[in-house]
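Please read it alongside the sequence and the coordinates.

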Amino acid sequence: MPVTLLSQLPTLSHTRFTADRTRVASDPPSDSANGLGTLYVDEQRLVFFSTEASRGFSIDYPTVVIHAVSRGTDGVGAHLYCQLDGPFPSSNKSDSNDEEDDDEQFGELRFIPEDEKLLDDMFKAMSDCAALNPDDEGSGSESDLDDICVGDYQDGTANGDEEGNDDEYDDESAVQTIEELDSSEFITTADDLDRLTAKGKEILAHLESVIIEPTEQANGSNEDGRYDDAE
């Protein structure tokens, strides 16, 4: 997982957005992703750095599996939520004994700006930069999908390939386009959720607990009076 721990702020190519006085927290906890600093949404990578602590980190965009605006959980205010494709590395050498469990974990980062109104611009800038850095090799492995989904692919076969031979995919002509995919393989309605494994349902429940649904913002909900005009 291309996450780089930093002891000094690197040279940035083209920063789309900067959020000063932003707190970061990680789960599982890491001493390298904890505290107050500045978030830089650069076109090449996402960078967080604390000048006071002289430490930070950079993340390649393909490492971020999901990013979204979160309503805030566990006492954390509204923030930019990022799920990584593996656990966040620690600078503490004593944590090296936990490497055997890394394959079964995914890391989570929460960037909490002091000014909550920055979140929309922060999210848009990250979305734009992520689009500039697609994951050419694909971030999900077959074993990852097996843990979450069920269907023809779970037994290692696809489209009638009973022996699960992957040689056919060496030929570009064997790669399916969106139009050629079987729509029955996708979960598109609530009725299909029973096809998820227990782990898949657990992940879905967790994401639903932290991510704001776009309809909530579109409907202009203002129950807490946050956006009332000043009198």
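This is a predicted model: local features need pLDDT of at least 70, side-chain atom pairs count only at pLDDT 80 or more; totals for chains, interfaces and linings use all residues.

**Aromatic pairs**

- The model holds four aromatic pairs, and F48, F57, F88 and F111 form one aromatic cluster.
- F48 and F57 make a stacked pair, because their ring centres lie 5.7 Å apart and their planes meet at 25 degrees, an angle under the 30 degrees that sets the limit for stacking.
- The rings of F48 and F111 are tilted, since their planes stand at 45 degrees with the centres 6.2 Å apart; this pair links distant parts of the chain, with F48 in strand β4 (residues 46-50) and F111 in strand β8 (residues 108-113), 63 residues apart.
- F48 is buried at 3% relative accessibility, F57 is buried at 1%, and F111 is buried at 0%.

**Salt bridges**

- There are four salt bridges, among them one between R16 and E43, whose closest N and O atoms are 2.8 Å apart.
- That pair also joins distant parts of the chain, as R16 belongs to strand β2 (residues 15-27) and E43 to the loop between β3 (35-42) and β4, 27 residues apart, while R16 is partly exposed at 37% relative accessibility.
- E108 and R110 form another salt bridge, with the closest N and O atoms 3.8 Å apart, and here E108 is buried at 4% relative accessibility and R110 is buried at 8%.
- D128 and K124 meet in a salt bridge at 3.0 Å, N to O; they are four residues apart in helix α1 (residues 119-132), so about one helical turn separates them, and D128 is partly exposed at 29% relative accessibility.

How values were computed. Residues are numbered from 1 along each chain as its sequence is written. Side-chain values use heavy atoms; hydrogens and water are left out. Rings of Phe, Tyr and Trp (its six-membered ring) pair if their centres lie within 6.5 Å; planes under 30 degrees apart count as stacked, over 60 as edge-to-face and the rest as tilted. Buried means under 20% relative accessible area, exposed over 50%, partly exposed in between (1.4 Å probe, protein chains only). Helices (H or I, at least four residues) and strands (E, at least two) are DSSP runs, numbered from the N terminus. A salt bridge is a side-chain nitrogen of Lys or Arg within 4 Å of a carboxyl oxygen of Asp or Glu.
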